Amino acid sequence: MSHLITLTKPDDWHLHLRDGEMLRCVLPDSARRFARAIVMPNLPTPITTTELARHYRNRILQALPCGSGFQPLMTLYLTEETTAAEIGAAKASGFVHAVKWYPAGATTHSQQGVRDASRCDRAFAAMEAHGLPLLVHAETTDPRVDIFDREAVFLDRELSPVLRRFPRLRVVAEHVTTQQAVQFVRAAAPHVGATITAHHLLLNRNALFDGGLRPHHYCRPVLKREKHQLAVLEAAISGDPRFFLGTDSAPHPRRDKESACGCAGLYTAHAAIELYAEVFDQAGALNRLESFASFHGADFYGLPRNVGQITLTNSPWTVPASIPVGNDVVIPFRAGERIPWSIVAECIQ
Ligand code: DOR
Ligand code: ZN
């Protein structure tokens, strides 16, 4: 039976838009589905200052489809050199909404990230004072730790001490993937939240080896076993306002994914809200999708909820096999396969 659901226009609280030709190709997918997105700063030259964020924001606005009201919410890339003055400038700009902590070496373009968090105390203190959220890629880079345990170990060894030193710091544990991370957020203060991706809800680590090695399912944090997938699903559909939508859609050219040392990231922006609808529908929780996708994040960031709407229907469509970008392609999530939910285009406001 055909089913229509109308939601307040959602926001994506964790998105990689890249730059140049890739930006122009991927941006329309997010702009069609979301009113706003928190834009990650891990460009090859990281967005470490408010000035760089201002220019990057202008490039995004210039790449937007005509008439789109999509708002990019910018972030700064934290380094051990980030000063309190830079945090003050970010807050005063009005367009920088958070600061991203990448442990150096944890993921794409994180080399200039943080090696020793205690060297960031000046920045953390300024963020706490200004109420500027710290967004955390929670995976330890200690090579002795098993890769599937790196999130839990990071929360315990690295994030917990920062929260003890800065108890009023607003923190988002990004793309949580484990029971331990869900438990960590639940046990923390109300100003500690978490984003959840569609792919960590839809897949577990079996998807990395389904019939052979699957580079297009490799992301960081890496997919975990099923019990963790179920714990994250339970958090997403629970109605707890500290869990909200963040796709972590992260496009890479095919040659960089299908390589002897393939890079991390799934491209999901082409079907983002449809994939979350699929997850919530399968879990019998479609009535909780709107709060997860459209309310919890805005409330956490202290931004107004959107006024536009988007309507979805359970009519399936087939994802293209690839998306051309320059002289390469991006392989989208579920390439060539069906997605059960679609957008009723004429209802987008
Ligand atoms: O899978 C990922 N891809 N995880 C990240 O943290 C970064 C992202 C990227 O930028 O490609
Ligand atoms: Zn990311």
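## Exercises on a predicted model

E80 sits in the loop that runs between β4 (71-77) and α3 (84-93); helices (H or I, at least four residues) and strands (E, at least two) are DSSP runs, numbered from the N terminus. A quick word on the ground rules: this is a predicted model, where local features need pLDDT of at least 70 and side-chain atom pairs count only at pLDDT 80 or more, while totals for chains, interfaces and linings use all residues. Residues are numbered from 1 along each chain as its sequence is written, chains are lettered from A and ligands numbered from 1 in the order in which they are written, and side-chain values use heavy atoms, with hydrogens and water left out.

**Exercise 1.** Work out whether E80 is buried or exposed, and which backbone nitrogens its side chain reaches.

*Solution.* 
- Step 1: E80 counts as buried because its relative accessibility is 16%. Buried means under 20% relative accessible area, exposed over 50%, and partly exposed in between (1.4 Å probe, protein chains only).
- Step 2: Now look for polar contacts (pairs of N or O atoms within 3.5 Å; within protein, one must be able to donate a hydrogen and the other to accept it, and residues adjacent in sequence count only if both atoms are side-chain atoms). The E80 side chain gets to the backbone nitrogen of R115 at 2.6 Å and to that of D116 at 2.8 Å.
- Step 3: Leaving out residues up to four places away in sequence, E80 touches V114, R115, D116, R119, C120 and R122, where contact means heavy atoms within 4.5 Å.

**Exercise 2.** Find which polar side-chain atoms lie by an oxygen atom of ligand 1, and how much of the ligand the protein covers.

*Solution.* 
- Step 1: For H252, a polar side-chain atom lies 2.7 Å from a ligand 1 oxygen.
- Step 2: For N42, that distance is 2.8 Å.
- Step 3: For H137, a side-chain N or O atom is 3.2 Å from an oxygen of ligand 1.
- Step 4: On its own, ligand 1 has 290 Å² of accessible area, and the protein covers 100% of it (Shrake-Rupley method, 1.4 Å probe; for residues, only the protein chains shown count as cover).
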